[in-house]
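Thank you all for making the time this morning.

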Amino acid sequence: MKRTAVALSTAALLLPLSACGGSAEAGSGSTVTVTIGYQSKTINTVTAGTLLRSLGYFERQLNSLHDGHTYKVDWQDYATGAPITAQMTAGKIDIGSMGDFPLLLNAARGKQFGRPTHLVSITGYNLRGGLNTVVTASDSTLTSLKDLKGKKVSTSIGSAADGTLVRALQRAGIDPDKGISKLNQQPAVGASALSAGSADALSQFVAWPGLLAYQGKAKALYDGAQLNLPTFHGVTAREDFTQQHPAVLEAFLKAQDQATDYLNSHPVTAAEKVAKATGLPAEVVYLYNGAHGIATFNPALAPQLVSALKQDVSVLKAAKLTGDIDVDSFVDDQYVKKALGASYAKRLTTPPPPATSEVWTKDSERTVSFKSPKQLLAYLAAHPDGIRAAYVPDATTGTLWFADKAVWVADGDRLLPFVAPATARDYVSAHGGARTVSYREALERAS
């Protein structure tokens, strides 16, 4: 029996448990329904959500259990992690995926309502924090975070993007509570507010900043990787469900690993699949999930990510969204270790692929890589009509961005791309003779 997804705000997580009700196991006899909460458009969770669902790997793993049960999977799609947590504390979602800050709220609410959850694997991560970006309207005159003082900034409070905003403002010397007017909005609402002019900036997670930039509706103001703090998305599971059905969670994590292998082996095809399922442009999906994209996919619970999660607790406490959280007890790697087997130790130390300039040509299932941004620009200048998308890594942070949306700097014979204007200015200030140039001039210089 499928249940209708109920969209609840973060505040709804505070409702008494008796208001939720429900059970993880449905049907009669030997039929077990496994309910998965995922965020289709939060595309760094695709190996535990959108892509995994489209590939059917989880259902196949369940069918191979042969334990006397008939399994059904109920996939429930949400815009953010908060309603997934609400449904988990109500016993209506068994396994969910969300970002690092929502994961901490998931841990806190699970403990609060006597239905503990555990972080059991990682989906997509960026060791510097590049999954979150602050953007402004394409015609905005704002050029740095300091320009946000007194401005209206849309974000989703309690999300990883809000955490990035808070930390970035603090580093810029702006009180994140009093220095700006913060609008607590869902990503789609915030995007509309930015377009309408009712918000001066938008701080959001994947894939909204890249989507708005690709559409020409926004430009980057701040690259989250400037924080140099890891950010990630992960999988959380209800303790009572996994204790009752440990083989189901293991099957899910094996399926997630298969989906991860598929994404890494077929990055363009995977981007197309996710695009078809979500309605997002494949070019935007590839920006984040591509072979050298902003995100790296690896299910292993790497120590540096767990350490980052512990650092995130103080941000949520300062915002009075939660109290102390025992991260060590929340993290449970026993299931993913078993699912990945002998490869787990190697996965813990496997580094992200190096940042690389790439061009996705039309009617191609593969991208072309270049040793330098200048070589990529030369190729673009010589092939003006056959390009689907071109990507370049920020010269400072390594964050991938669209070549035609980047801020370009000419430094002698070198042409260097940057995601945000402030980092480009910092480079120019530190390198005599360097100057910013337009994308058109960069193309001309490279040709």
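Let me start with helix H11, residues 282-289, where eight of the eight residues are buried, so that the helix is largely enclosed by the rest of the structure. Please keep in mind throughout that this is a predicted model. The buried residues of H11 are Ala282, Glu283, Val284, Val285, Tyr286, Leu287, Tyr288 and Asn289, and each of them falls under the 20% relative accessible area that we use for that word.

Now to the neighbours of E12 in its sheet. Strands of a sheet pair through backbone hydrogen bonds, and they may do so in a parallel or an antiparallel sense. E12 pairs with strand E13, residues 367-370, in the antiparallel sense and over four bridges, and within that pair Ser357 stands opposite Phe370 of E13. E12 is also joined by four bridges to strand E14, residues 387-393, and these two strands again run antiparallel. If you look along that pairing, you will find Trp360 opposite Ala389 of E14, while the bridge partner of Thr361 in E14 is Ile387.

Put together, this gives an open sheet of four strands in the order E13-E12-E14-E15, with antiparallel pairing. The edge strands are E13 and strand E15, residues 400-402, each of which pairs on one side only. From one strand to the next, the twist averages 25 degrees.

Before we leave this sheet, I would like to point to the hairpin of E12 and E13, which has five residues between the strands and in which Asp363 takes a positive phi near 60 degrees. Most residues other than glycine have a negative phi, and most peptide bonds are trans. Is Asp363 buried or exposed? With 84% relative accessibility, Asp363 counts as exposed, because the cut-off for exposed is over 50%.

There is another residue of this kind, Asn228, whose phi is near 55 degrees, a positive value in a residue other than glycine. Asn228 lies in the loop between strand E9, residues 218-223, and strand E10, residues 231-238, and with a relative accessible area of 43% it is partly exposed. While we are on backbone geometry, please also look at the peptide bond from Val206 to Ala207, which is cis, with omega near 0 degrees. Ala207 is found in the loop between strand E8, residues 201-205, and helix H7, residues 208-214.

Two packed helices are described by the angle between their axes and the distance between the axes. Helix H5, residues 160-171, packs with H12, residues 303-318, at an angle of about 80 degrees, and their axes are 11 Å apart. That makes H5 roughly perpendicular to H12, because angles from 65 to 115 degrees are counted in that class. The contact is made by Gly163, Val166 and Arg167 of H5, together with Gln311, Asp312 and Val315 of H12, and these residues divide into two nonpolar, two polar and two charged.

Helix H4, residues 100-112, also meets H12, with axes that come within 10 Å and cross at roughly 75 degrees, and H4 and H12 are therefore roughly perpendicular to each other. On the H4 side the contact is made by Asp100, Phe101, Leu104 and Leu105, and on the H12 side by Leu309, Asp312, Val313, Val315 and Leu316.

Finally, a word on annotation. An unreviewed UniProt entry carries the annotation "domain: SsuA/THI5-like" over residues 84-270. Over that stretch the chain is 42% helix and 26% strand, and the end C-alpha atoms are 25 Å apart.

Terms used
Residues are numbered from 1 along each chain as its sequence is written. This is a predicted model: local features need pLDDT of at least 70, side-chain atom pairs count only at pLDDT 80 or more; totals for chains, interfaces and linings use all residues. Side-chain values use heavy atoms; hydrogens and water are left out. Two strands pair if DSSP finds at least two bridges between them. Axes are lines fitted to C-alpha atoms, for helices over the stretch in contact, and angles run from 0 to 180 degrees between N-to-C directions. Angles under 35 degrees count as roughly parallel, over 145 as roughly antiparallel, 65 to 115 as roughly perpendicular and the rest as oblique. Contact means heavy atoms within 4.5 Å. Ala, Val, Leu, Ile, Met, Phe, Trp, Tyr, Cys and Pro count as nonpolar, Asp, Glu, Lys and Arg as charged, and the others, Gly among them, as polar. UniProt positions are given in the numbering used here, feature names are shortened, and annotations may be inferred rather than shown by experiment. Buried means under 20% relative accessible area, exposed over 50%, partly exposed in between (1.4 Å probe, protein chains only).
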